[in-house]
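Subject: Handing over the structure

Hello,

Here is the structure I promised to send. Please open it first, then read my notes below.

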Amino acid sequence: MSSIISVTHLSKTYGSGFTALKDVSLDIRRGEIFALLGPNGAGKTTLISIICGIANLSTGKVSVGGHDINTDYRAARSLIGLVPQELHTDAFETVWATVSFSRGLFGKPKNPAHIEKVLKDLSLWDKKDSRIIELSGGMKRRVMIAKALSHEPQILFLDEPTAGVDVELRKGMWEVIGRLRDAGVTVILTTHYIEEAEQMADRIGVINKGEIILIEEKATLMRQLGRKQLTLQLQERLAALPATLEPYRLILDDDGMRLTYNYDTQGERTGITALLGDLSNAGIRFKDLSTTQNSLEDIFVSLVRRSA
Amino acid sequence: MNLTAIRAIYLFEMARTWRTLLQSIVSPVISTSLYFVVFGAAIGSRISEIQGVSYGTFIVPGLVMLSVLTQSISNASFGIYFPKFVGTIYEILSAPVSYFEIVIGYVGAAATKSILLGLIILGTAGLFVPLHIHHPFWMLAFLVLTAVTFSLLGFIIGIWADNFEKLQAIPLLVVTPLTFLGGSFYSVNMLPSGWRTLTLFNPVVYLISGFRWSFYEIADVSLGVSVGLTLAFLAICLVTIWWIFKTGYRLRN
Ligand SMILES: Nc1ncnc2c1ncn2[C@@H]1O[C@H](COP(=O)(O)OP(=O)(O)OP(=O)(O)O)[C@@H](O)[C@H]1O
Ligand SMILES: [Mg+2]
């Protein structure tokens with residue numbers, strides 16, 4: 001698959017002297033949904049701002065659809081719709097006026113039918129004549145999405161699109177994003193809700209302290225997620241594992257009081273029944289048992305810790 | 001050239017004008033009328049003719065310029081400051097528009113508004129005193145030139161200002177005194193010679209003098225100097241804006 005955005009050796013130092021991005025390289029594939037995760041202050045918004053033309057880069061190169069964002073900014077920017085993290089809206093304009101304005105600003109001829117469709121998709125149609133100041137926060141966020149979609153971008157940036165949006169609407173937004181993907185739009189979103197990335201993304205990138213620390217297919221990550229652990233608290237101390245339990249590759253620790261078994265939930269057989277049988281045959285009794293599962297969140301947290 | 005974008009910005013800004021019609025048009029008209037009552041009728045009747053023109057008539061061009069100047073600056077500075085302040089500037093910055101197009105949109109709208117305003121004030125003045133415009137073409141040319149130049153200045157102020165105090169400081173502390181001392185209400189020739197020389201450093205003198213000449217063919221300085229200096233000021237504003245955009249000054253981090 002060809003890449004639609006190509007970021008190479010991008011660094012950004014703000015006027016304050018703070019370096020928010022360090023040698024970031026990243027390719028976004030045409031038509032994918034890419035989720036960018038990272039703790040507060042990691043540099044997600046900075047990265048997006050540079051690609052979209054809101055901030056200047058310090059060193060490196062960024063191209064969008066093959067167009068350099070500095071030398072060929074018109075072509076690059078006209079491909080992009082941006083929904084920024086902060087709610088920046090006009091106040092006294094109507095929803096219809098502000099969304100139509102965005103389309104004009106991007107140089108597209110009037111197309112009321114398209115605007116109507118966008119507003120309907122985002123359940124804003126009945127608010128089209130309301131002034132923005134009269135809308136709720138969640139509605140304003142949807143207005144910003146409508147503005148970004150008004151000029152039919154090929155790439156959509158969503159910087160924390162679902163922050164402050166209720167559960168129902170969040171689902172609605174996922175549907176909208178899904179439909180965009182079906183229409184061939186490339187979507188890059190940042191989020192703090194890992195489940196959102198799990199649900200939507202094709203690929204996941206993790207950024208921390210201005211450095212990309214992971215870029216991975218979601219499917220690959222999910223395979224790692226499929227791993228589970230069974231932990232047994234033993235009644236009596238076990239000096240060594242009996243030979244009959246060798247194939248299970250158990251881990252004995254906590255001074256011989258704990259046994260851990262790793263298994264794959266997606267495998268044909270987990271081997272738990274056999275293990276429990278063999279344990280009782282060996283005369284090993286346990287007083288408690290628990291299972292834990294890796295979540296994307298665990299992976300994310302451990303990655304960020306490791307890079308810290 | 002992204003004409004659609006220029007149109008969008010221009011119309012968006014003009015929509016703001018219509019929405020705030022009261023502040024935009026009505027209040028300057030009222031304040032100008034007050035000037036007329038005070039300076040034209042009450043005080044003016046006690047002042048003798050200036051270079052063959054009655055005092056009330058004499059101050060008309062100056063009054064128009066006073067409003068056009070201050071309104072151009074405040075319209076344009078607010079027009080660009082506001083999106084910066086509320087954050088909606090993100091959209092302008094992310095759009096496929098050149099700086100040049102942004103300036104045409106914003107400054108064009110601000111200038112349009114103050115030209116309309118100038119004409120309305122002129123109309124209002126016509127209700128108080130008889131008006132004769134000897135050189136309508138020059139009159140319009142000065143009006144447009146002034147509106148554009150000071151809208152550019154306002155745009156610069158709006159970009160430079162990072163709080164409301166700064167936004168108001170220049171118009172209040174610099175422009176208003178200059179316009180009042182720029183011969184709106186008197187002929188520079190009426191001043192003692194020391195003050196006169198000082199006044200010649202005030203750029204507004206040249207604008208008002210030229211503008212008044214287009215009405216009554218009386219001027220404090222020659223027409224050529226007026227036109228030349230106004231154009232020079234325009235050029236300075238353009239160069240400053242070009243520099244702002246070239247460096248991304250206060251717009252892009
Ligand atoms: N205009 C600025 N000037 C100086 N430093 C800035 C500026 N904008 C952001 N930063 C710094 O750059 C770093 C990255 O900020 P950024 O907004 O990109 O983080 P983020 O990943 O989007 O965080 P969040 O999840 O909180 O939105 C932060 O440390 C922030 O303080
Ligand atoms: Mg952010």
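For the interface, contact means heavy atoms within 4.5 Å. Please keep in mind that this is a predicted model.

**Where the chains meet**

On that cut-off, 28 residues of chain A are in contact with 23 residues of chain B. The two chains bury about 2,500 Å² between them. Carbon and sulfur atoms account for 57% of that area. On the chain B side, the residues that lose the most area to chain A are Phe12(B), Tyr90(B) and Pro96(B). Together they make up 27% of what that side buries.

Charged pairs also cross the interface. Side chains of opposite charge can pair when their charged atoms come close. Between chain B and chain A the count is 3 salt bridges. One of them joins the side chains of Glu101(B) and Arg74(A), at 2.8 Å from N to O.

Which elements of chain B give two or more residues to the side that touches chain A? They are helix 1 (3-19) and helix 4 (89-94). Helix 1 of chain B gives the most, with 7 residues. By class, this side of chain B has 11 nonpolar, 7 polar and 5 charged residues.

**Ligand 1**

Why is the ligand 1 site described as shared? Residues from both chain A and chain B surround ligand 1, so the site is shared between chains. There are 16 residues around the ligand. The nearest are Asn40(A), Gly41(A), Lys44(A), Thr45(A) and Thr46(A). Sorted by class, the shell holds 9 polar, 5 nonpolar and 2 charged residues. Helix 1 (residues 44-52) of chain A gives the most to this shell, with 3 residues.

- Gly41(A): a polar backbone atom is 2.8 Å from an oxygen atom of ligand 1.
- Lys44(A): a polar side-chain atom is 2.7 Å from an oxygen atom of ligand 1.
- Thr46(A): an N or O atom in the side chain is 2.5 Å from an oxygen atom of ligand 1.

How much of ligand 1 does the protein bury? Taken alone, ligand 1 exposes 630 Å², and the protein buries 69% of that.

**Salt bridges overall**

Over all chains, a search of the whole structure finds 16 salt bridges. One within chain A pairs Arg203(A) with Glu32(A). Their closest N and O atoms are 2.8 Å apart. Arg203(A) lies in strand 9 (residues 203-208) of chain A. Glu32(A) sits in the loop between strand 2 (19-29) and strand 3 (33-37) of chain A. The pair therefore ties together parts that are 171 residues apart in sequence.

**Two backbone angles**

Most residues other than glycine have a negative phi. His9(A) is not a glycine, yet has a positive phi of about 45 degrees. His9(A) lies in strand 1 (residues 3-13) of chain A. Arg249(A) is not a glycine either, and its phi is positive at about 50 degrees. Arg249(A) is in the loop between strand 11 (227-234) and strand 12 (251-253) of chain A.

Best wishes

How values were computed. Residues numbered from 1 in each chain as written. Chains lettered and ligands numbered in written order. Predicted model: local features only at pLDDT ≥ 70, side-chain atom pairs only at ≥ 80, totals over all residues. Heavy atoms only, no water. Near = heavy atom within 4 Å. Polar contact = N/O pair within 3.5 Å; in protein donor to acceptor, adjacent residues only side chain to side chain. Areas by Shrake-Rupley, 256 points an atom, 1.4 Å probe, with all protein chains shown as cover. Helix = DSSP H or I, 4+ residues; strand = E, 2+ residues; numbered from the N terminus. Nonpolar A, V, L, I, M, F, W, Y, C, P; charged D, E, K, R; others polar. Buried area = accessible area lost by both parts, 1.4 Å probe. Salt bridge = Lys/Arg side-chain N within 4 Å of Asp/Glu carboxyl O.
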